[in-house]
Amino acid sequence: MMNFDRILIDFEKLEPTAVILVVEDETQVRDSVRELIEETDYSVETAKASVQSLRQRGARTIVGLLHVSEGVTRATEIARALDDVDVLVLGHGSDDPAPRPTVMVGRTRIVYAGANGTHLGRIDARSFDAGGPTLEDRTLALTKSVPEQPGVGFLAVIEPELAKMATEKAAAAERRKKGQKEPEVYENWGYGSNGACGLCHTSELAQWKTTEHAHALDTLKKSGHDRDPACLGCHTTGYLQRGGTRFVETAVKQFSDVGCESCHGASVLHVRSIDKKKGTSRKVEPRVCFGCHTPDQNLGTLDYATALPSILGPGHGAVGDR
Ligand code: HEC
Ligand code: HEC
Ligand code: HEC
Ligand code: HEC
């Protein structure tokens, strides 16, 4: 168990809420989490002491994040041992991939939204009196019909895609063993790629190169994630989108970075058409930006109006040019 006894969230000053983290296999703790927590200690006793101390300091809702084996069975034991926790959230790998109905152990609510980002668990906390909030939880399936948050929509497509990639990799290995040739694979792209846009829009391309969007793949390279499908959706153009490539190599080589069509939309028809007003979108709605600049990825909140000047400039949609 880790000692993570800080009061973290105070949503709209309504509820002092605290989060504790329970991890029973230290090798599972990511460096990013480690950075948040100075001290680590894995005993149930420490977590219990944290819970008591948090209550004394005024936490009205305590949420425990679990990364344990044996799923609900173990979570039930931990709930009993900790005694006074409101919610225990089971992490991935701790149970089967499908979400589970909520289990109540005394007053502790054990929730599990399944693995692989196919579902989203949501807990509503409503506070009307001094007795602590009423909690209500539900699980949302992240299907493609969840449109208003493309970053979330991306999570829904990535898992099936990873499974497909694994199958294809195995089939390719089998072919190699048998000395068979790799079949040619064709894709019909709706995206034209930056190379194509730059043939005519030289000033826009030159300006775009000065923006951080032009280095998005380099950024991934620095951390060794430039072949990681989970990152390419926002650091390349059109990956796994309708009309975009589904191959990592193609995404990296032909559609690297946050290119023209990340904002203007898939524009191969514009490249081909005679009427150059068609097949692309000049206007870039804020939701296009927020599709990638999601709260979990963005450092701070992106403000559309103040952000625009840093992605536009002379030669490309500069205020003075319009
Ligand atoms: C063969 C040359 C050519 C290529 C290639 C090309 N464009 Fe264009 N584009 C034009 C011309 C010409 C216009 C019209 C300019 C005007 O009339 O104001 C235009 C206009 C645009 C507009 C403004 C549309 C509007 O309604 O005002 C956008 C956005 C645009 N292009 C994006 C792209 C993107 C993205 C690509 C790459 C996929 C691309 N273009 C490739 C020639 C090209
Ligand atoms: C396809 C995903 C994607 C879209 C769409 C997108 N961005 Fe970005 N944006 C990124 C990524 C990734 C970075 C980080 C690039 C880097 O530093 O490697 C970034 C960086 C930025 C930065 C510089 C860093 C910062 O936060 O100050 C600004 C400003 C920005 N984007 C504004 C916008 C605006 C405005 C729009 C819409 C008009 C937009 N972006 C659309 C992915 C996207
Ligand atoms: C939902 C879209 C999205 C996904 C998926 C995504 N990123 Fe980003 N990433 C962004 C945006 C937007 C920015 C710019 C954030 C800013 O400047 O505020 C960014 C910036 C970054 C940066 C530079 C700023 C920083 O945080 O230090 C790094 C590094 C980075 N991303 C790595 C990754 C890695 C690694 C992955 C995959 C594990 C990934 N990103 C997946 C959207 C995304
Ligand atoms: C981060 C989002 C973003 C990216 C990436 C981007 N643009 Fe734009 N672009 C915009 C916005 C916003 C405008 C201004 C739209 C308006 O006039 O309302 C614009 C305007 C334009 C225009 C019309 C005004 C002008 O300057 O001619 C063209 C053409 C264009 N972009 C082409 C491109 C090309 C080509 C690329 C890639 C080299 C590119 N854009 C990359 C957001 C983007």
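Visitor: How do the residues of the shell around ligand 1 divide into nonpolar, polar and charged?
Guide: This is a predicted model, and the shell around ligand 1 holds 16 residues. By class, the residues of that shell come to 6 nonpolar, 6 polar and 4 charged.

Visitor: Which helix gives the largest share of the shell around ligand 1?
Guide: Helix H5 (194-200), helix H10 (260-264) and helix H11 (268-272) each contribute at least two residues to the shell around ligand 1. Gly-192, Cys-197, Cys-200, Lys-276 and Arg-282 come nearest to the ligand. The largest share, 4 residues, is from H5.

Visitor: Which helix gives the most to the shell around ligand 2?
Guide: Around ligand 2 there are 22 residues, of which Thr-219, Ser-262, Cys-289, Cys-292 and Ala-307 come nearest. At least two residues each are supplied by helix H7 (216-222), helix H8 (229-235), H10, helix H12 (286-292) and helix H13 (304-311). With 5 residues, the helix that gives the most is H13.

Visitor: How many residues of the shell around ligand 2 are charged?
Guide: The shell around ligand 2 has 13 nonpolar residues and 8 polar ones. The number of charged residues in this shell is 1.

Visitor: What distance does helix H3 reach from its first C-alpha to its last?
Guide: H3 covers residues 71-82, which makes 12 residues. At 1.5 Å a residue, the expected reach is 16 Å. The model comes close to that, with 16 Å.

Visitor: Why are the buried residues of H3 on the same side?
Guide: The buried residues in H3 are Ala-75, Ile-78, Ala-79 and Leu-82. They lie on the same side of H3 because the arc they cover around the axis is only 105 degrees.

Visitor: Which exposed residues does the face of H3 turned away from its buried side carry?
Guide: The buried side of H3 includes Ala-75 and Leu-82. The face turned away from that side carries Thr-73 and Arg-80.

Visitor: Is Asp-83 buried, exposed or partly exposed, and why?
Guide: Asp-83 follows H3 and sits in the loop between H3 and E4. Its phi is positive, about 70 degrees, although Asp-83 is not a glycine. A residue counts as buried with 20 or more other C-beta atoms within 10 Å and as exposed with 12 or fewer. Asp-83 has 13, so it is partly exposed.

Visitor: Which residues point the other way from Val-87 and Val-89 in strand E4?
Guide: In a regular strand, side chains alternate between the two faces of the sheet. E4 takes in residues 87-90, and the four are buried. Val-87 and Val-89 point one way, and pointing the other way are Leu-88 and Leu-90.

Visitor: What is the handedness of the crossover from E3 through H3 to E4?
Guide: Strand E3 (residues 61-67) and E4 run parallel and are joined by 4 bridges. Leu-65 stands opposite Val-89 in E4. The chain passes from E3 through H3 to E4, and this β-α-β crossover is right-handed.

Visitor: Which residue in E6 is the bridge partner of Val-89?
Guide: E4 also pairs with strand E6 (residues 108-112), in the parallel sense and over 3 bridges. In E6, the bridge partner of Val-89 is Val-111.

Visitor: How far apart in space are Gly-243 and Tyr-191?
Guide: Gly-243 belongs to the loop between H8 and helix H9 (248-254). In sequence, 52 residues separate Gly-243 and Tyr-191. In space, C-alpha to C-alpha, they are apart by 6.1 Å.

Note on methods
Residues numbered from 1 in each chain as written. Chains lettered and ligands numbered in written order. Predicted model: local features only at pLDDT ≥ 70, side-chain atom pairs only at ≥ 80, totals over all residues. Near = placed C-beta within 6 Å. Nonpolar A, V, L, I, M, F, W, Y, C, P; charged D, E, K, R; others polar. Expected span 1.5 Å × (residues − 1). Arc of directions from axis to C-beta. Pairing = 2+ DSSP bridges. Right-handed = clockwise from strand over helix to strand, strands pointing away.
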